[in-house]
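Here is a short walk through one structure. Keep the 3D view open and follow each stop in turn.

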Amino acid sequence: MSQSILLAGVARDASHSVVPLDRYEAIGGYQAWRHALSHCTPDDVIQAVKDSGLRGRGGAGFPTGTKWGFLDRRTDKPRYLVCNADESEPGTFKDRYLMEKVPHRLLEGVMVSAYALGVHTAYIYIRGELMWLKHQLDKAIAEATHAGYLGDRILGSDYSLRVVVHPGGGAYICGEESALLESLEGKRGNPRQKPPFPAVSGLYGCPTVINNVESLASVPWIVLNGGAAYRQLGVGNSTGTKLISASGHINRPGVYEVVMGLSVQEFIESDDYCGGVRKGRSLKAVIPGGSSVPVLPAHLALRTAAGEPRLLTYESLADGGFVSGSMLGSGGFIVMDDTTCMVRNTWNFSRFYHHESCGQCSPCREGTGWLERVLHRLEHGHGTPDDIDLLVDITKKIEGNTICTFGDAASWPVASAVRHFRGEFEYHAYHPDRVASRHHPIVTERTVV
Amino acid sequence: MPEFSTTQLEAVQNLLTQYPEGRQKSAILPLLHMAQQTFGGYLSVDTMNYVATLLGMQPVEVYEVATFYTMFHLTPVGTYVLEVCRTGPCALAGAEDTLERIESVLGIKDGETTPDGMFTLKTVECLASCGSAPVIQVGERYVEQVTPDRVPALIDQLRAGGCP
């Protein structure tokens with residue numbers, strides 16, 4: 001089952017080739033934009049997106065059409081659309097790939113969505129490290145403007161739109177939408193208290209919609225083919241296609257567009273996707289949706305606790321809750337083979353969260369530091385058996401006690417690693433002398449009682 | 001006091017038009033990037049004060065922002081800043097070995113600069129290059145799949161003034 005919506009026209013082999021404007025047009029590019037402007041009211045577009053069942057591709061999975069429906073239209077203030085291209089979730093590089101390969105598909109998505117929302121200035125907030133992609137997007141905007149797709153009175157209509165690409169400065173937290181707005185306003189990226197939600201008071205206090213790159217890039221196909229056609233792809237409430245960025249111990253890392261509902265097993269083993277675990281080793285664990293979602297041991301990555309095949313859908317990956325499930329998240333699919341030390345891996349991610357905490361809420365600011373230090377000492381042979389329960393205790397004190405979901409995101413990887421790989425943590429705690437070296441043996445079974 | 005060229009000042013004016021009237025503070029991140037690139041690869045207090053005057057902000061507001069975002073260097077750096085990603089997927093792909101190799105070839109540790117002022121070594125968190133790990137950012141470029149054996153040639157190439 002294959003369907004290219006987002007990556008249509010992208011050559012898999014050519015590593016750094018971009019689909020230029022003329023080729024994008026030749027494969028149907030900007031048809032949706034022409035169609036929307038000449039045949040659709042803004043409400044038609046919103047209805048099509050609602051009908052499609054498209055859910056936010058940044059990680060939260062909130063229905064895009066519903067989010068658009070919240071936009072406050074009663075005020076005279078300008079409305080803004082902000083594209084979240086601050087892709088920074090470890091394991092996630094799908095938005096980067098999409099912007100690198102088909103920048104015009106994102107731009108067309110921004111245009112159609114901005115039209116639907118009555119927006120005349122849209123910002124694409126791209127992480128600062130991807131400065132060369134900012135230049136590429138600026139170039140694509142210039143091309144699109146020259147071709148008449150952007151600017152004043154577009155394609156003979158009354159509608160005008162300007163798109164601005166804005167670089168970040170290196171801060172994971174700016175992927176959180178209210179932190180992103182603070183950053184775009186020229187401030188530190190500290191998340192805001194909600195309510196008010198951005199749909200009512202967002203950028204410069206004006207009604208604002210913030211959507212992920214992949215979500216916006218899905219909109220042109222939906223407008224051209226109809227929400228029902230999009231909904232036909234996928235399973236249940238996981239409609240359409242999803243970009244999965246696969247990394248770690250696999251033979252074919254990269255970005256793949258899958259129709260929702262593909263099994264995790266086929267995704268890992270098929271030569272169309274990951275091509276199997278590298279060097280013929282065995283699968284140990286999978287983080288299916290970016291580093292913030294719970295890690296799953298191999299058996300729970302491939303099948304749910306009830307024995308059903310695990311599918312790449314929001315529902316299937318969440319099956320079992322946090323006891324035996326995880327989340328589709330951003331689609332940052334990280335595969336680990338049996339050479340991986342789960343304690344070291346968890347410490348690595350906890351260092352990331354400690355580094356990236358904005359410091360606004362004390363449970364997160366202090367708690368992420370505690371997590372990192374306790375995991376560091378366990379991994380480096382200075383831990384004690386009490387440290388394992390201490391870790392769980394710290395995660396409980398962070399989770400749910402912060403302004404934004406960063407605190408949860410920092411807690412879940414640790415809580416799930418301890419839940420599923422407790423034997424490995426115990427080996428570290430009871431045999432500190434054997435784990436002092438980075439190349440220590442991997443022992444997963446309980447070796448002490 | 002650092003000062004942009006006339007052409008750069010025109011670019012600054014253009015940049016300011018991208019944001020609504022009275023919201024010029026929005027331009028601070030692009031402006032700090034530009035200033036860092038122009039004035040020696042880092043943001044001195046003088047440089048930050050200059051950005052403050054361009055945006056009509058208090059200097060302390062600029063310091064607050066500059067210190068929050070990790071891409072801004074607040075102390076002098078070498079000609080090339082090697083930013084080595086060490087987060088999860090890069091670590092799984094051997095980033096720690098790559099980092100050790102760089103440290104041994106250059107004779108410096110994370111955060112240090114070589115005595116000739118050529119290289120600064122800095123570890124960073126996820127660069128969204130997990131499928132082509134391990135990755136090192138050098139200026140605006142990503143050098144991908146940098147296994148330890150590729151390190152000496154990369155350093156030689158940079159030392160000779162070549163692009164990776």
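Start at Gln145(B). With 14 C-beta neighbours inside 10 Å, Gln145(B) counts as partly exposed. The scale behind that word is simple: a residue is buried if 20 or more other C-beta atoms lie within 10 Å of its own, exposed if 12 or fewer, and partly exposed in between, with C-beta atoms placed from the backbone. Gln145(B) sits in the loop between strand 4 (141–143) and helix 7 (151–159) of chain B. Helices (H or I, at least four residues) and strands (E, at least two) are DSSP runs, numbered from the N terminus. Thr98(B) is 47 residues from Gln145(B) in sequence and 9.9 Å from it in space, C-alpha to C-alpha.

A word on the source. This is a predicted model, in which local features need pLDDT of at least 70, side-chain atom pairs count only at pLDDT 80 or more, and totals for chains, interfaces and linings use all residues. Residues are numbered from 1 along each chain as its sequence is written, while chains are lettered from A and ligands numbered from 1 in the order in which they are written.

Now take in chain B as a whole. Chain B has seven helices and four strands. Read from the N terminus, its elements run α-α-α-α-β-α-α-β-β-β-α. Its C-alpha atoms fill a box of roughly 50 × 35 × 25 Å along the principal axes. Of the 164 residues in chain B, 39% are buried. Contacts in chain B can also be sorted by sequence separation; two residues are in contact if their C-beta atoms, placed from the backbone, lie within 7 Å. Among those between residues at least 6 apart in sequence, 55% join residues at least 24 apart.

Chain B is assigned domain 1 (6–66) and domain 2 (80–159). Such bounds come from an automatic or database domain assignment. The C-alpha centres of domain 1 of chain B and domain 2 of chain B are 29 Å apart.

Next, look at a helix pair in chain B. Two packed helices are described by the angle between their axes and the distance between the axes. Helix 3 (residues 45–55) of chain B and helix 4 (residues 59–66) of chain B have axes that come within 8 Å and cross at roughly 115 degrees. Axes are lines fitted to C-alpha atoms, for helices over the stretch in contact, and angles run from 0 to 180 degrees between N-to-C directions. Helix 3 of chain B contributes Met48(B), Asn49(B), Val51(B) and Ala52(B), which meet Pro59(B), Glu61(B), Val62(B), Tyr63(B) and Ala66(B) of helix 4 of chain B. These residues divide into seven nonpolar, one polar and one charged. Here Ala, Val, Leu, Ile, Met, Phe, Trp, Tyr, Cys and Pro count as nonpolar, Asp, Glu, Lys and Arg as charged, and the others, Gly among them, as polar.

Move to chain A. Its domains are domain 1 (21–229), domain 2 (235–337) and domain 3 (342–434). The C-alpha centres of domain 1 of chain A and domain 3 of chain A lie 35 Å apart. Their contact takes nine residues from domain 1 of chain A and eight residues from domain 3 of chain A. On the domain 1 side, five are nonpolar, three polar and one charged.

Chain A has a helix pair to view as well. The axes of helix 3 (residues 42–52) of chain A and helix 6 (residues 103–117) of chain A come within 7 Å and cross at roughly 115 degrees. Pro42(A), Val45(A) and Ile46(A) of helix 3 of chain A make the contact with Val112(A), Tyr115(A) and Ala116(A) of helix 6 of chain A. The residues of this contact divide into six nonpolar, no polar and no charged.

What about burial in helix 5 of chain A? Eight of the eight residues of helix 5 (residues 94–101) of chain A are buried. Among them are Lys94(A), Asp95(A) and Arg96(A). Thr75(A), in contrast, counts as exposed because it has 12 C-beta neighbours inside 10 Å. Thr75(A) lies in the loop between helix 4 (64–69) and strand 1 (80–85) of chain A.

Finish where the chains meet. In all, 45 residues of chain A are in contact with 33 residues of chain B. Helix 15 of chain A gives the most to the chain A side, with six residues. That side divides into 17 nonpolar, 20 polar and eight charged residues.
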